[in-house]
Amino acid sequence: MPIDPQNALLTVQSGLAQLSTLIVSYSLSAVGAVILLVIGYIVAGLAERSIYAGLGHIHGFDETLRHFFSQVVRYAILGLVVIMVLGQFGVQTASIIAAIGAAGLAIGLALQGTLQNIAAGIMLLALRPFRIGEYVEVGAISGTVEEIGLFATTLRTVEGVYVLAPNSTLWNQPVRNFTRNGVRRGDITLGIGSWNDIDFAQKTMLGVAAADRRVRRQPAPIAFVATIGDSTVAITLRYWTAAADFFATQIDLTKSVKQAFDAEGLSVPAPAPKAPQADASATRQ
């Protein structure tokens, strides 16, 4: 069947017209997409810096949280811009948002424990039950806080051991902060023979405490009888000192009290000798 040249020409012209229309349409869409990307990138950067600077004006607001919230705002704006750009090319943004929501739900279920740590990290950074440099005890974990992150907290024990604790573990248990109040109470108990002068022993203890400049005058240190045994009397020296000086003060005062008792003739009774154990082989015989 012969091809009509006129119909073929009309078909080609129609195709070229549609192609030119598509090129113009997509060119405008591409230009609009580029403009949206540039503007969105600039706006995201400005919003990030504004949020970061604004949170910096809040007294005591953590640096990690400032970075986190400013980054969240930045990427939220960039994500919105990407969706708008896809809409420029005729993509159904509603289906994209639904897909993102479904993917977010799946990721959230898969990373449930990680998200719990992030939420706990935000609460720890916001409420500040402990800060870097403070000595804390949380359940079986104790040590000096070295770093508080969004996922985990780093501590150093008194033995110098490195501990990485998930934030959800620290958030879900009571926190004992030994540094926060700035002062700590120390008790030193020493036993003396019941034949010694108890009042003199208490006075000797208080004299040792008064000679140490690290012991606070208010509340004033006290000495009292803790327990009474058959031949011994346990006397306790109770004092307050700065939290940073607690361990050193306790070590030094314990030594000084013992030396003062020795110098004043206050005897510390020796433990009663253990009864000799019968020979097991002899018992069997």
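Guide: A contact means heavy atoms within 4.5 Å. In this chain, residues 24 or more positions apart account for 62% of the contacts with a separation of 6 or more. The model is predicted, so local features need pLDDT of at least 70 and side-chain atom pairs count only at pLDDT 80 or more, while totals for chains, interfaces and linings use all residues. Residues are numbered from 1 along each chain as its sequence is written, and side-chain values use heavy atoms, with hydrogens and water left out.

Visitor: In which helix is confidence lowest, and in which is it highest?

Guide: The pLDDT is the predictor's confidence in each residue, from 0 to 100. Its mean over the chain is 81, and 74% of the residues reach 70 or more. Helix α8 (residues 280-284) has the lowest confidence, at a mean of 46, and α6 the highest, at 95. The pLDDT is below 50 over residues 280-285, a stretch with one contact in the model beyond near neighbours in sequence.

Visitor: How many helices and strands are there in the chain?

Guide: Helices (H or I, at least four residues) and strands (E, at least two) are DSSP runs, numbered from the N terminus. The chain has eight helices and eight strands.

Visitor: In what order do the three strands of the open sheet stand?

Guide: Two strands pair if DSSP finds at least two bridges between them. Here the order is β6-β8-β7, with antiparallel pairing. β6 (183-193) and β7 (222-228) each have a single partner strand and stand at the edges, so one side of each lacks a neighbour in the sheet. On average, neighbouring strands of this sheet are turned by 25 degrees against each other, direction ignored. Between β6 and β8 (residues 232-242) there are eleven bridges, and D187 stands opposite R238 in β8.

Visitor: Which helices lie on these strands, and at what angles?

Guide: Axes are lines fitted to C-alpha atoms, for helices over the stretch in contact, and angles run from 0 to 180 degrees between N-to-C directions. Helix α6 (residues 198-211) lies across β6, β7 and β8, at about 20 degrees to β8. Helix α7 (residues 246-264) packs on the sheet and touches β6 and β8, its direction making about 25 degrees with that of β6.

Visitor: Which residues of α7 are buried, and which are exposed?

Guide: Buried means under 20% relative accessible area, exposed over 50%, and partly exposed in between (1.4 Å probe, protein chains only). In α7 the buried residues are F246, T249, L253, V257, A260 and F261. They cover an arc of only 95 degrees around the axis, which puts them on the same side of α7; the arc is that of the directions from the helix axis to the C-beta atoms. These buried residues pack against β6, α6 and β8. I251, K255 and A263, on the other side of α7, are exposed. Just after α7, G265 has a positive phi of about 80 degrees.

Visitor: Is E48 buried or exposed?

Guide: E48 lies in helix α1 (residues 5-56) and counts as buried because its relative accessibility is 17%. Apart from neighbours within four places in sequence, E48 is in contact with S70, Q71 and R74.

Visitor: And is L164 buried or exposed?

Guide: L164, in strand β4 (residues 162-166), counts as exposed at 52% relative accessibility. Not counting residues up to four places away in sequence, L164 touches A152, T153 and T154.
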